[in-house]
Amino acid sequence: MSLILLITLAFKQDVPPQLQLFLLIGQSNMAGRGVPEAEDQQTNPHIWMLTKELSWVPARDPMHFDKPAVIGVGPGFSFAKRLAETYPEMNIGLIPCAVGGSGIDVWKPGAYYEPTQSHPYDDALRRAKKALENGQLAGFIWHQGESDSEPEKAIVYEEKLAELVQRFRKDLNAPHVPFVVGTLGDFVVNRDPEAKIVNEALQQATKHIPNSYCVVSEGLTDKGDSTHFDTHSARILGQRYADVFIHKKLITSKP
């Protein structure tokens, strides 16, 4: 056996046979735009991510691939780390599907998003179905709405979000899987008054959509562009998402 093959086998990690899967969906603040630091590169043997090529690798930031020139730290990895700390025997599979700049209208079947030359909803479904070969869906986490912070779009956001949740659950045969959303940052609301309407819609929608919850991003800071969470805030946001699953006891399956 060659030395190269021995080294390859030594570093090869087998994907756990049963992952608790989480779909990471939305736009750029879910994809992540924070600057990666050393801790964002440190892998955890219980946390995996599905690559663009549909293979499993140990998770690290950046994990999304929507806009390669600007991807960075989002809430997904810190979300999984918090869960892993609480449930040390659980193996977690993250399915990155967020698309920067995407409005809620392109998160439906057949919708094409020109800036990334992708079909956000169809791509997410395809990736989720592939991931399901290695586990079961345990949750959706959604952060989106900056692109819908316009007068005509904000007033119908709640209705469209409810349709989106129902559609994802139906298409993935996941009628009771928790769906957790997050409000837009204070800095977005300060810039776009309609973002306050979107935030109200996010909070109101979860009051009538079964098994849905809203994480508040109050107090988090941007990276200086009034649009994207900085690295530290992206991590905190992820922990807030995880805390919903932990405190509401939404992880019902055995590890």
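This is a predicted model: local features need pLDDT of at least 70, side-chain atom pairs count only at pLDDT 80 or more; totals for chains, interfaces and linings use all residues.

Visitor: At what angle do α7 and α9 pack?
Guide: Helix α7 (residues 157–171) and helix α9 (residues 194–208) pack at about 45 degrees, and their axes are 8 Å apart. That angle makes α7 oblique to α9.

Visitor: Is the crossing left-handed or right-handed?
Guide: The crossing of α7 past α9 is right-handed.

Visitor: Which residues make the contact?
Guide: From α7 they are Tyr 157, Glu 158, Leu 161 and Ala 162. From α9 they are Val 198, Ala 201, Leu 202, Gln 204, Ala 205 and His 208. Seven of the contact residues are nonpolar, two are polar and one is charged.

Visitor: Turning to the rings, how many aromatic pairs are there?
Guide: The structure has nine aromatic pairs. One of them joins Trp 107 and Trp 142 edge-to-face, at 5.5 Å centre to centre and with 85 degrees between the planes.

Visitor: Where do Trp 107 and Trp 142 lie?
Guide: Trp 107 is in the loop between β4 and α5, and Trp 142 is in strand β5, so their pairing ties together parts 35 residues apart in sequence. Both Trp 107 and Trp 142 are buried.

Visitor: Why do Phe 140 and Phe 179 count as stacked?
Guide: Their ring centres are 5.0 Å apart and their planes are at 25 degrees, and planes under 30 degrees apart count as stacked. Phe 140 is buried, at 0% relative accessible area, and Phe 179 is buried at 0% as well.

Visitor: Which residues do ring pairs link into a cluster?
Guide: The cluster links Trp 107, Tyr 121, Phe 140, Trp 142, Phe 168 and Phe 179.

How values were computed
Residues are numbered from 1 along each chain as its sequence is written. Side-chain values use heavy atoms; hydrogens and water are left out. Axes are lines fitted to C-alpha atoms, for helices over the stretch in contact, and angles run from 0 to 180 degrees between N-to-C directions. Helices (H or I, at least four residues) and strands (E, at least two) are DSSP runs, numbered from the N terminus. Angles under 35 degrees count as roughly parallel, over 145 as roughly antiparallel, 65 to 115 as roughly perpendicular and the rest as oblique. A crossing is left-handed if the near helix is turned anticlockwise from the far one by less than a right angle, and right-handed if clockwise. Contact means heavy atoms within 4.5 Å. Ala, Val, Leu, Ile, Met, Phe, Trp, Tyr, Cys and Pro count as nonpolar, Asp, Glu, Lys and Arg as charged, and the others, Gly among them, as polar. Rings of Phe, Tyr and Trp (its six-membered ring) pair if their centres lie within 6.5 Å; planes under 30 degrees apart count as stacked, over 60 as edge-to-face and the rest as tilted. Buried means under 20% relative accessible area, exposed over 50%, partly exposed in between (1.4 Å probe, protein chains only).
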